[in-house]
Each structure stands twice: as C-alpha cells, then as structure tokens.
Amino acid sequence: MESQELRECLSQNLKKYRKMRGWSQFDMAEKAQISEQTMSSIEGLRLWPSDKTLSKIATALDVEIYKLFVPQRLALQSESIAELKNAVVRTVEGLVHDTLHDWETQ
C-alpha cells in the first residue's frame, strides 16, 4: 500500500468509527486528548499522526490500532463473513433445538 493510500485509509476509518459513535471532530479530539486541529488535520490528510497520537485515538475509539488501517473494502468483506457465520450458527442452533424437541416429544 502506498503512503497516500495509507493516509486515505486512516482518514476514512477515523471518520467511520467517529461517526459510528455520533462524535464530531471536536468530541473525538476531546476524548483522545488531542487538539481539534490535530484531529482535523489527520482526517484531512494534512498530518501523519505520531505513534502516541494513534494510540490515544484508538483508545478513545475502543478499537485496535490495526483496524484504523484496514481498507474499507476489506472491512466490509470481513463484516459480511462475520454476519454469514452468525447466520449459520443461528440456523444450526435452531435445527439442533428443533431436533431435540422432536425427540423429547416422541
């Protein structure tokens, strides 16, 4: 992944996680204990955050740092796989429950 792609990925993920929580850039900056200007500059692709700043942001968002660098298309695939897995588990559990219930009533 090229440097610009990495910056864009970080920016997109920061916005995604921040908006999922209903936070403004000001709210995010306050929770991460960084300046609003810093938050705006990172999201606006004008500043690359230090390790310490990344750690503060990830902690405030309650996500692992690496997730801030997962491209959206991969994150969506991962979420789809997790949803599919949960649907399969629910279906199997339902079948097992129904089978056990049938055996008990015989």
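Helix α4 is followed by Asp62, whose phi is positive, near 60 degrees. Asp62 has that positive phi although it is not a glycine. Asp62 sits in the loop between α4 and α5, which covers 72–104. Helices here are DSSP runs of H or I, at least four residues, numbered from the N terminus. Because its relative accessibility is 68%, Asp62 counts as exposed; the cut-offs are under 20% relative accessible area for buried, over 50% for exposed, and partly exposed in between, with a 1.4 Å probe and protein chains only.

Before I go on, the ground rules. This is a predicted model, in which local features need pLDDT of at least 70 and side-chain atom pairs count only at pLDDT 80 or more, while totals for chains, interfaces and linings use all residues. Residues are numbered from 1 along each chain as its sequence is written, and side-chain values use heavy atoms, with hydrogens and water left out.

Now α4 itself, residues 51–61. Its buried residues are Thr53, Leu54, Ile57, Ala58, Ala60 and Leu61. Seen down the axis of α4, these fall within an arc of 160 degrees, so they line one face of the helix. The arc is taken from the directions that run from the helix axis to the C-beta atoms. As background, an α-helix has 3.6 residues a turn, so residues three or four places apart point the same way. On the other side of α4, Asp51, Lys52 and Thr59 are exposed.

What covers the buried face? The cover includes α1 (3–20), α2 (25–32) and α3 (36–43). Contact, here and below, means heavy atoms within 4.5 Å. Take Thr53 as one case: at 15% relative accessibility, Thr53 counts as buried. Leaving aside neighbours within four places in sequence, Thr53 is in contact with Ile34, Thr38 and Ile42.

Next, α2. Its N-terminal end is capped by Ser24, with a side-chain oxygen 3.3 Å from the backbone nitrogen of Phe26. For such a polar contact, a pair of N or O atoms must lie within 3.5 Å; within protein, one must be able to donate a hydrogen and the other to accept it, and residues adjacent in sequence count only if both atoms are side-chain atoms. The buried residues of α2 are Met28, Ala29 and Ala32. Down the axis of α2 they fall within an arc of 95 degrees, so they too line one face of the helix. They pack against α1, α3 and α4. Just after α2, Gln33 takes a positive phi of about 60 degrees.

How do α2 and α3 pack? Their angle is about 115 degrees, and their axes are 8 Å apart. Axes are lines fitted to C-alpha atoms, for helices over the stretch in contact, and angles run from 0 to 180 degrees between N-to-C directions. The contact is made by Gln25, Phe26, Met28 and Ala29 of α2 and Glu36, Met39, Ser40 and Glu43 of α3.

Last, the loop between α3 and α4. Leu45 lies in that loop. Phi of Leu45 is near 65 degrees, again positive in a residue other than glycine. Leu45 counts as partly exposed, at 30% relative accessibility. Trp48 is found in the loop between α3 and α4, and Trp48 is partly exposed with a relative accessible area of 35%. Not counting residues up to four places away in sequence, Trp48 touches Leu6, Arg7, Leu10 and Phe69. Trp48 and Arg7 are 41 residues apart in sequence and 7.4 Å apart in space, C-alpha to C-alpha.

Definitions and conventions: Helix = DSSP H or I, 4+ residues; strand = E, 2+ residues; numbered from the N terminus.
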